[in-house]
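Have it open beside you and take the points in order.

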Amino acid sequence: LPLCSSCQPHLHSPKSNLATIMNPERWKLALAIIYALFVSWLTAFVMTVVHDRVPDMNKYPPLPDIILDNVPHIPWAFEMTEITGMTLLTIWLVVILFHKHRFIIARRFFAIA
């Protein structure tokens, strides 16, 4: 098969240089962290404003919760969610600490979160 001239150098290269092309680009990580902080503060502000504007509970009672009304109370469930969250945080920090492309993973995490 005849190959074009632009395909020739990539065909004969013994090692792919894909991993060396990715530089950390820490400014993108900083931008993603600033974005995550801004969104979290905006969410907290909106929650505060909405909390102050809640209508009277006697006049407008809350809607019934079908799931929680029919599931028995599990006393250890809240503590288990905290333990699960701390375990996931620990796993994420270990991955970030030892991964080759930690800045890219952190940037994507803060952009999504």
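1. Start with Phe-110. Setting aside neighbours within four places in sequence, Phe-110 is in contact with Leu-29, Ala-32, Ile-33, Tyr-35, Ala-36 and Trp-92 (contact means heavy atoms within 4.5 Å). Its C-alpha atom is 9.1 Å from that of Leu-31, a residue 79 places away along the chain.

2. Before going on, a word on where this comes from. This is a predicted model, in which local features need pLDDT of at least 70 and side-chain atom pairs count only at pLDDT 80 or more, while totals for chains, interfaces and linings use all residues. Residues are numbered from 1 along each chain as its sequence is written, and side-chain values use heavy atoms, with hydrogens and water left out.

3. (Buried is under 20% relative accessible area, exposed is over 50%, and partly exposed is in between, using a 1.4 Å probe and protein chains only.) Across the protein chain, 7% of the 113 residues count as buried.

4. Now the wider setting. Phe-110 lies in helix 6, and the protein chain has 6 helices and 0 strands. (Helices are DSSP runs of H or I with at least four residues, strands are E runs of at least two, and both are numbered from the N terminus.)

5. Look at helix 6 itself. Ile-104, Ala-106 and Arg-107 are its buried residues. Down the axis of helix 6 they fall within an arc of 165°, so they line one face of the helix (the arc is that of the directions from the helix axis to the C-beta atoms). Helix 3 (26-52) and helix 5 are among what covers them. On the other side of helix 6, you'll find Arg-108 and Ile-112 exposed.

6. How do helix 5 and helix 6 meet? Trp-92, Ile-96, Leu-97 and Phe-98 in helix 5 touch Arg-102, Ile-105, Ala-106, Phe-109 and Phe-110 in helix 6. Sorted by class, that contact has 8 nonpolar, no polar and 1 charged residues. (Ala, Val, Leu, Ile, Met, Phe, Trp, Tyr, Cys and Pro count as nonpolar, Asp, Glu, Lys and Arg as charged, and the others, Gly among them, as polar.)

7. Last, the geometry of that pair. The axes of helix 5 (residues 77-98) and helix 6 (residues 102-112) come within 8 Å and cross at roughly 140°. (Axes are lines fitted to C-alpha atoms, for helices over the stretch in contact, and angles run from 0 to 180 degrees between N-to-C directions.) The two helices are therefore oblique to each other, since angles under 35 degrees count as roughly parallel, over 145 as roughly antiparallel, 65 to 115 as roughly perpendicular and the rest as oblique.
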